[in-house]
Amino acid sequence: MAARAPLDERAHEQLMVVLNGLGRANDALEVFAGLRGRLADRLGTDPSPRLVRLNAAVLSGELPVRALPADAAPEPARTAPRPALMAVGLRAAPNALLGREADLDAIEDLLATSRVVTVLGPGGTGKTRVAHALGARAAERVPVALVELASLRSGEDVVTAISGTLGLSEAELTPGAALNRARIYDARDRLREALSARPTLLILDNCEHLIDDVAEVVADLVAASVNLTVLATSRAPMAITAEAVYPLPPLLIDESGSPATDLFRARALAVRPAARLDPAEVARLCRTLDGLPLAIELAAARVRTMSVAEINARLDDRFALLRSGDRTSPERHRTLRAVIEWSWNLLEPDQQAALRRLCRFPAGFTLAAAVGVAQWGEVSDIADALDGLVNQSMLSVVEGADSSALRYHMLETVREFGDGQLAGADESGEVAARTVAWAQSFCLDAVRDFLDGDQVATALRIEAEHDNLLAVLRHTLSVGDGVGALTVFPVLGVTWSFRGAHSEVIALAPRVLEIDPRRYRQELLSGNCLALTYLVIVGHTAFVGVSRALAVTRLRLRAVLASRTDIDEAVRMNASLVIMPVSGKGLARKLARAIRSENPSARSSAYMARANLRENSGDLYGSWSDATAAREIAEAGGDVWGMAMVLQHLGSLAGQSARYGEAVGYYRRAAELLWDLHAYEESTTLRSYIGAALVGAGRVEEARRELVAGGSAVEEVELSIAGDRSTFGLGDARQSAGAIAAAMAEVDLAEGSVDAGLRGYRHALELVGWENAGVTPDPFGFMLLAAVVAAHALAGRGDEIADLVDTYAGMVMTHLGPDGYPDLPQTGGVACAVGSFDIATGRDPEGGLRMIALSTRVAARQDFPSMQSSRHLGMARQALGAERVDAELARVERMPRRIARDEILVALRDRTDGERTSL
């Protein structure tokens, strides 16, 4: 009947009663909504009060069992035998909601304890989808009504919109004998009454543009009844007493599988099932888009005509690229720009100014930084402006790394939008200048604090600002701001050096060297910053041997030391060492003077410098003595970095002397201190040395556990190694990965898995990119090669690496030979490994024995158990006889270390020359 007579109220009333009686209250409410719409469209009228009253009864669950006769007075309401739960305004999900289970559970927990819960987040985070999903869950227990407020333009319409969704009328007509008696309700009263009848969840979607009015209405409604719970979605909180907020985070991103990447894959395959979706490219895209579901879905729609790599390449202009053809989407969600503009237009003028001025901070910012960069002109109170931006979900707030200050973060998508607004406001120059000034002030304070001993807190502050400082450094280099570059670079350069990110220094050093500090007035540049700049660059350019860059850096450092008086004594001492003549003339005298300095840091640095020099010369006892003295000074002064370096050195001395159990303790304490400084790569590398030492001490199972804990570095490098093997040892995570792999190989060998152990050692060489050692030599690389050769020799598998050994011997002659660096323990490690190889393969047993014996005179490194001298001497005794081995050891017993080194180099040269002749 209702279908044949679309405007017949009596037929629709009966249909509603029947549907409700069948437990289909939602359908009954839809019938009413449909009739109301048709009456308004065709007749310009509303449903009768009788039908409105029936709709309210369905909504409250108190509908009488039978419909009222047309001329009967209303019966007292009584509860239906099967009260029907209902949901008004909820839309069926068009597809699965991915990655939000934990959020849904957390919000449900809040709803159980709070009268009002607001889901906060910037546009595109999926607040509306989450609200509908929560409504669907709740509808199984209580009536739910969802009201969409996005289309409203006036706060006066909030009550009307809620009442309209619930089908409430302000007038109630009671039929009488002679005439109808009318009772007019206040709309707010009617709404209070309807929402008080039974427990109800009211969902208000998109409240931000009317937030004050919504807050006032919600506060009134929840105060009127304990039965009402309100869930709201907004970019700003209501700020009422009853409210609890839930910031909805972006989706998690992980290349191996995550909500963000799963969402992209699902949506992309829906538009082009045969699309090739490379996991690395998909994860990169999701990170660029901040894990925002809407942005990810817009990007996935582009897979219809573009590859993921092509989309990534064009995301520099994400606002032009990301548009939707989905006709069911609201207009404000059709483009990514529209999403951000919706929030931008809700901001006050000072908030807009603050946002565009602060968009140049990729790593977020503190209040102090915001004051310096954005508080000028129309922004008179930056704290107030930031509060407004946080309330509008344009900024998020987190605790700072050192918990001393809050940090404000802006999504990358919002930053890009702000950058466009900044250009349009013609403020780019002023903001850039203020940002550089902030960075210079920060770096000068950081240098001072670090040198004064506040190392951990300073390191954490630098870490928090790293990306900001890097952005400033690149800007200053691009515009030729030498003062800014020479102030920011040393802070980043020292940090990179501490944390093993040496490639960053190497990449930027040439551009920094293009800046001539003599062009600037002396008072504009810090002496400490200049000295640290060139000290860092010398430490890295020296790895590639003599070069113009090294010569220029040494000249500039010499000039700085000669002309500046504002350089700390410890910095001056370390800088003076690297400009000493290559011959080393005067070095011993300089160190002796520094060791008597009144400055503890200078004394400690001098002891450590001499400890390293003594170790390189094979004087392990003298090195140990100096390192112990440096340790006492560092410990007394709270020098965390100094302590870590000293302990690492002591562990290395113990490990290379095969005192493995002793090495474990020093390495472990050093790793803990480095972890406190967030020098994670350095700390992970030490885990490998701990693991190797544990194997040498016979604690194999403990070693495996230690290495498994540090094995993430190996996985990280393996993901990218195929496309980039440009460095050896200086490859940031590469050294950590190679060291972990080598130590794990020792575990396998100790457990009897020879094939796995040797395979693991060869894999370690691949991880560090050993084939480029001739370009960028590194001590760890040489040591690893020695361990690989030694392990194969002990296993009787030397023939498998014959080509490697020949290449290795030639590299050693180049870098550790007469014209190279005189590192005796490294040279000894080479001699032991190559000599053992020559014995094991039968290539030159006599020459091999001579090199093994000579290695004992130069304190050959034994860091990995396969390098242990006693094992190679034992193998030599088995192969050649104990008498011959003992005789050779007796021959070299009193030989001076330098002469032993010279004999090793002669043997290696003869071996290399003989190999060339045979070719």
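A salt bridge is a side-chain nitrogen of Lys or Arg within 4 Å of a carboxyl oxygen of Asp or Glu. By this rule, the structure has 45 salt bridges. The model is predicted: local features need pLDDT of at least 70, side-chain atom pairs count only at pLDDT 80 or more, and totals for chains, interfaces and linings use all residues. Residues are numbered from 1 along each chain as its sequence is written, and side-chain values use heavy atoms, with hydrogens and water left out.

**Bridges between helices**

Helices here are DSSP runs (H or I, at least four residues), numbered from the N terminus.

- R137 and D105 form a salt bridge, at 3.0 Å from N to O.
- R137 sits in helix 5 (residues 127-138) and D105 in helix 4 (residues 101-113), so the pair links distant parts of the chain, 32 residues apart.
- D220 pairs with R188, and their closest N and O atoms are 3.2 Å apart.
- D220 belongs to helix 8 (residues 211-224) and R188 to helix 7 (residues 187-196), so this bridge ties together parts that are 32 residues apart in sequence.

**A network**

- R188 and D220 also belong to a network of salt bridges that includes D189, R192 and E216.

**Buried or exposed**

Buried means under 20% relative accessible area, exposed over 50%, and partly exposed in between (1.4 Å probe, protein chains only).

- R188 is buried, at 17%.
- D105 is partly exposed, at 37%.
- R521 and E523 form a salt bridge, at 2.7 Å from N to O.
- R521 is exposed, at 52%, and E523 is exposed, at 60%.

Key: Helices (H or I, at least four residues) and strands (E, at least two) are DSSP runs, numbered from the N terminus.
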